[in-house]
Every structure is written in structure tokens, then in C-alpha cells.
Amino acid sequence: MAASDDSPVAFSSTARPPGKPLVFKEHWTAALSDQMRLFTVQLVCSGGSSAIAKSVVAPLERIKILRQVQHMAAVDSAVRYNDIRDALRRLPAREGGVLALWRGNGANVVRLVPDVAFRFVVHDQFRVMFAPMDGSPPGVAEKLAAGAATGILKTLLFYPLDVCRTRITADQSVHVTMPFAATATAAAPAPASTLTGSAAAAATAAAAGPGATAVAKPVYGTPVAPAAAPAAVSWTAAGGGGTRTYPTIRACLLSTLRTEGVGGLYRGVLLSMGGVAPYLAISFTMYDELRKRLPSDRESTSAVWYPFLKMGCGAAAAVSAQTVVYPLDTVRRCMQMNGAAGQAVRYASATDCLRQLLRSHGGVRALYRGCLTNCLKTSLGAPVHFIMY
């Protein structure tokens, strides 16, 4: 007897059931390759644009850091910079040319590579972790929590690079093309206790004998050059060259580890972590309020100037947040320089640093030195970053 047309048809385990669309699933290696390609493009675009923007405003960044910590350097008060114009006018002449304005920019750019990669990889994971359980889009609290968690973890991992960047940027030692040998020109040299720096070394060598040579050690913030020597000592060029206190990131890391231990690489880390939450809260709230006041009609949103208007809102929010937390940044920079290059430790803690700044260095104004430079740097850096990205 022939089988009925209504009889069930047996399908194999690999056959496609009727009515179900045919789906070709991409192999996991191809999906991984696409994700890696997308990550690489994002890393290059974001990291490259950030590097260019930071390089453009690097002179302002260095002037800001110098204004924050120059009271700790072993230089005369007359050498210190009063404002942006004063620094731009005198710094290149004092430190060997215009390129001195970009000192520390290399360390800052190197710091961007792990920073951007970490933000891309980890921030999305924190957004998923803090997302509402009901599947609704994350709100303000969830976004702030994800951003704060990313910032705190990133600070813990990469803070030593920031310390090195600060110390290299704030290094005011002057590079010279020749060291100097001391020769005795008088029978009775001045006591070494009355001299300082390289002059004291010269006096010691003169007392040791006519053939002795003084070795001038660079001190943070002081020129490696013959200071005003007393009448008993004269300096004569002998060829060679001087070096900066921190010529490279590696040298700064090794020197800090050798003289201060691991703790030296984490000076001020708690201040940095404590500033993450208020900075994010202020900048996010300010940006959201400014964005609500932008025109929302189709003609405006499709205009050429609209993205630049949003960029202006972001820059204004960033400037506002940085201005509020700027005192924390000043104290943090001072703590990063605390004990640098063999100096005595000036501050026992961040609280002691704050108390001394308020009492001995100009009161509240000391906490905001360089703030105007920072606002200018952020305002100029935002459009450069936006255009390059």
C-alpha cells in the first residue's frame, strides 16, 4: 500500500526543519579576527588623535606642571615663572631651546597606549557589570559607577608612568655641552661648608691637590654648570657633557625604585583615585545640562557647526570639572615630586602638603597656580582631538 501524503517525513539530525530560515554561523576565528580589526582601528584612531592633541598643547602642559611644583625646585625665586607669557619667553633661553617646552611629552604619549587600550577593553565590561538587572538602558548612576571603576583600576595599574611623566616634565636641570674641572688658583680655598652644589665639589678637589678633579653632580632644578665660585676656585672647560636628572622613563623608574622604593612610584595615588568620582560626576552632569540646551530640530542637528557645538559643550564640562578638582591635582603633583632626585622629603603626607601650601606659599592661590594654563590647554586640546579623530 502506498504511503499517504499526510504521513510524517523523517528528517535527519542535520536537516533544516521546514519553515526555519537557513542561517550560516561565522566561524569563531573569523569573528575574533573582525573584533581584533575593529579594536585595532579604534586604538589607532583614539590613541593617535590623543597623542597629536597632547603634543600640540604640550608646552602649556609643562608650564602648568612647573607652576604647580616649582616652589619645590632648588632654584632662586627670581628664576621661577610668573605666568604663561613669562614661561614662554624665558624657558627656551634658559633650558637650551624651544624643544625644552616639549620636555616630558614623550612620556605622556607613551602613557597613552596602555591607557587607551585599557579603557576600550575594561570600560565595556564594567558597563555590563553595572547595567540594570531588568535589561533597561543604564542610567546616570550606572554610567558614573562604570566610569569611576575604570578610572580607579586604571590609576592603580599605570600610576607609576604618571609619576615619571611629572618628574621628567618638572625637571629644570639645564643640559650643558661640557663639564668643568676645577683648578686651585689660591693657596687658601674657601671652606666647603660655605659653598653649594658644584662649587663645593670644586673646593674639595682643590684642597685635595693640584691634580684633583671635581665631579659636579646634577641636582634637581639646578644647572649643571659652574655656579658663582669663590675667589679661591676657578673653572676651566675640560670637554664632555652634562645630563638631565631624568633623561628617560626607564632612568626615572630605576632611580625612583633605587632611592625611594615602590612607594615612591605611588606618591599621591590616593588623591588621584579620590578625584576620579567628583571629576566624572561634575563633567557628566555639566555636559548633560549643556547638551539639553542645544537645538534639537533636524535642520540644526544636520548642520556642519552642530558637532563643534557639542564639542564645545564637552570642553566646557571638562574645564569646569578640572577647575573644581584642581587643588587635588596640585597637591598630587607636589606629592609626586616629594623626595625626587635625592631631595629631602618635604611633606609627611598629603594633609601636611596642603597645610604647608596654604600657610607658606600664598594661601588658596597656591592651590590654583597654573589653573588658567590648564583651562587654555583643555580648550585648545579638545578641538584638535576632535578634528584628528
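This is a predicted model: local features need pLDDT of at least 70, side-chain atom pairs count only at pLDDT 80 or more; totals for chains, interfaces and linings use all residues.
Colleague: How many aromatic pairs does the structure hold?
Modeller: The structure holds 5 aromatic pairs.

Colleague: Why is the pair of phenylalanine 118 and phenylalanine 158 called edge-to-face?
Modeller: The ring planes stand at 85°, and planes over 60 degrees apart count as edge-to-face. The centres are 5.8 Å apart, and rings pair if their centres lie within 6.5 Å. So the two rings form an edge-to-face pair.

Colleague: What makes this a link between distant parts of the chain?
Modeller: Phenylalanine 118 lies in helix H4 and phenylalanine 158 in helix H5, 40 residues apart.

Colleague: Why is phenylalanine 118 called buried?
Modeller: Its relative accessible area is 11%. Buried means under 20%, so phenylalanine 118 is buried.

Colleague: What makes the pair of tyrosine 326 and tyrosine 368 stacked?
Modeller: The planes are 20° apart and the centres 6.1 Å apart. Planes under 30 degrees apart count as stacked. This pair also links distant parts of the chain: tyrosine 326 is in helix H11, and tyrosine 368 is in the loop between helix H13 and helix H14.

Colleague: Which of these is tyrosine 326, buried or exposed?
Modeller: Tyrosine 326 has a relative accessible area of 2%, and the cut-off for buried is under 20%, so tyrosine 326 is buried.

Colleague: Why is tyrosine 368 called partly exposed?
Modeller: Its relative accessible area is 34%. Buried is under 20% and exposed is over 50%, so tyrosine 368, in between, is partly exposed.

Colleague: How do you know that the span of helix H10 agrees with its 19 residues?
Modeller: At 1.5 Å a residue, helix H10 should span 27 Å. Its end C-alpha atoms are 28 Å apart, which agrees. The buried residues of H10 include Tyr306, Met311 and Gln322.

Conventions. Residues are numbered from 1 along each chain as its sequence is written. Side-chain values use heavy atoms; hydrogens and water are left out. Helices (H or I, at least four residues) and strands (E, at least two) are DSSP runs, numbered from the N terminus. The expected span of a helix is 1.5 Å times one less than its number of residues. Buried means under 20% relative accessible area, exposed over 50%, partly exposed in between (1.4 Å probe, protein chains only). Rings of Phe, Tyr and Trp (its six-membered ring) pair if their centres lie within 6.5 Å; planes under 30 degrees apart count as stacked, over 60 as edge-to-face and the rest as tilted.
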